[in-house]
Amino acid sequence: TWTVGVTGATGYAGGEVCRLLAGHPFLRLAGVHAGSSAGRRLGELQPHLLPFADLTVQPSDAGSLAGYDVVVLALPHGESAAIAARLPGDVLVVDCGADHRLDDPAAWARWYGGGHPGGWPYGLPELPGQRERLRGATRIAVPGCYPTSVALALAPALAEGLVEPEVVVVAASGTSGAGRSAGPHLLGSEVMGAVSAYGVGGVHRHTPEMVQTLSRAAGTPVTVSFTPTLVPMPRGILATCSARVAPGTDAAAARAAYEKAYADEPFVHLLPEGRWPTTAQVLGANTVALQVAVDPDAGRLVVVAAVDNLTKGTAGAAVQCANLALGLPETTGLPVVGVAP
């Protein structure tokens, strides 16, 4: 059994990590941490986490996080690196923020500003060669929720050269993707009955992460046009991803590539032909549902991916990667059954 400390435990992503740990046979949640909530009972702030309700929230500094076998950082972007740098090298540190996702210092400076904290092994085991990099790792960067859906949707086609390296993504996300901090645009009266676009025109911070991941898969630079939208549901992402097909690519070739890529993946499911993903089918599960088609008139491949942004999109990926790093079966403690209705 390994002890786990979660900082940012009072937020959505940190709370989801705690929820998953409640059912894990080998990872024991031993402490919860946060900034302004320190000193309060976790049950006041996350009432659904009944097994951990009496835990007292502790501060988030590195000193308070000392002594755990595993530390999960579920903090706002820019807050993880300083804490991680002060933790012992033999502690498994899993960062759910963006601080260590980008390898290019110039990309970091452009999109986040300040000194580059350095890239860590990227926590998406389903990408080619990535699982081996995560086994035995002591530092892991969990992908962003949008990049998780987009990478799994497009990597097989790019790796096989089935499409041109220019992709278009329009993705709808529930409100929990914005975090738990209050904002007028997230009020119920603002989001109910409304769909809105944001981060339009290539300004969303997940864009360079998508470019990095897809370019690796393709073996050549890939451009990404990304438009996120906010939809009136608490959690979930539905990403519609397309690219112009290369000569000779038809529906059969596309489907064969995806069947080959994900045949042995426990958490990625290519749906039977004619069925399309919905966010409802992955709610609360560490799964991604995919469907692929070729539009012959437009000459484009279209892939639709559904993922729970808090589970496979964040917290589930953190636990999945921790399992790999610690030598446990990758699926340990992770749900593949969703919640319905």
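Thr 10 touches Ala 34, Ser 37, Leu 42, Leu 45, Gln 46, Val 57 and Arg 180, leaving out residues up to four places away in sequence; contact means heavy atoms within 4.5 Å. Thr 10 sits in the loop between strand E1 (2-7) and helix H1 (12-21). Helices (H or I, at least four residues) and strands (E, at least two) are DSSP runs, numbered from the N terminus. Thr 10 has a relative accessible area of 16% and is buried (under 20% relative accessible area, with a 1.4 Å probe and protein chains only).

This is a predicted model, in which local features need pLDDT of at least 70 and side-chain atom pairs count only at pLDDT 80 or more, while totals for chains, interfaces and linings use all residues. Residues are numbered from 1 along each chain as its sequence is written, and side-chain values use heavy atoms, without hydrogens and water.

Rings of Phe, Tyr and Trp (its six-membered ring) pair if their centres lie within 6.5 Å; planes under 30 degrees apart count as stacked, over 60 as edge-to-face and the rest as tilted. There are three aromatic pairs by this rule, including these:

| Pair | Centre distance | Plane angle | Class |
|---|---|---|---|
| Trp 108 and Tyr 112 | 4.4 Å | 20 degrees | stacked |
| Tyr 258 and Tyr 262 | 6.4 Å | 55 degrees | tilted |

Both Trp 108 and Tyr 112 are buried, and Tyr 258 and Tyr 262 are buried too. Tyr 258 and Tyr 262 lie four residues apart in helix H9 (residues 251-262), about one turn of the helix.

Tyr 258 is also among the residues that touch the most other members of the largest nonpolar core, which has 43 residues. Such a core is a set of buried Ala, Val, Leu, Ile, Met, Phe, Trp, Tyr and Cys residues joined through side-chain atoms within 4.5 Å.

Technical notes
Buried means under 20% relative accessible area, exposed over 50%, partly exposed in between (1.4 Å probe, protein chains only).
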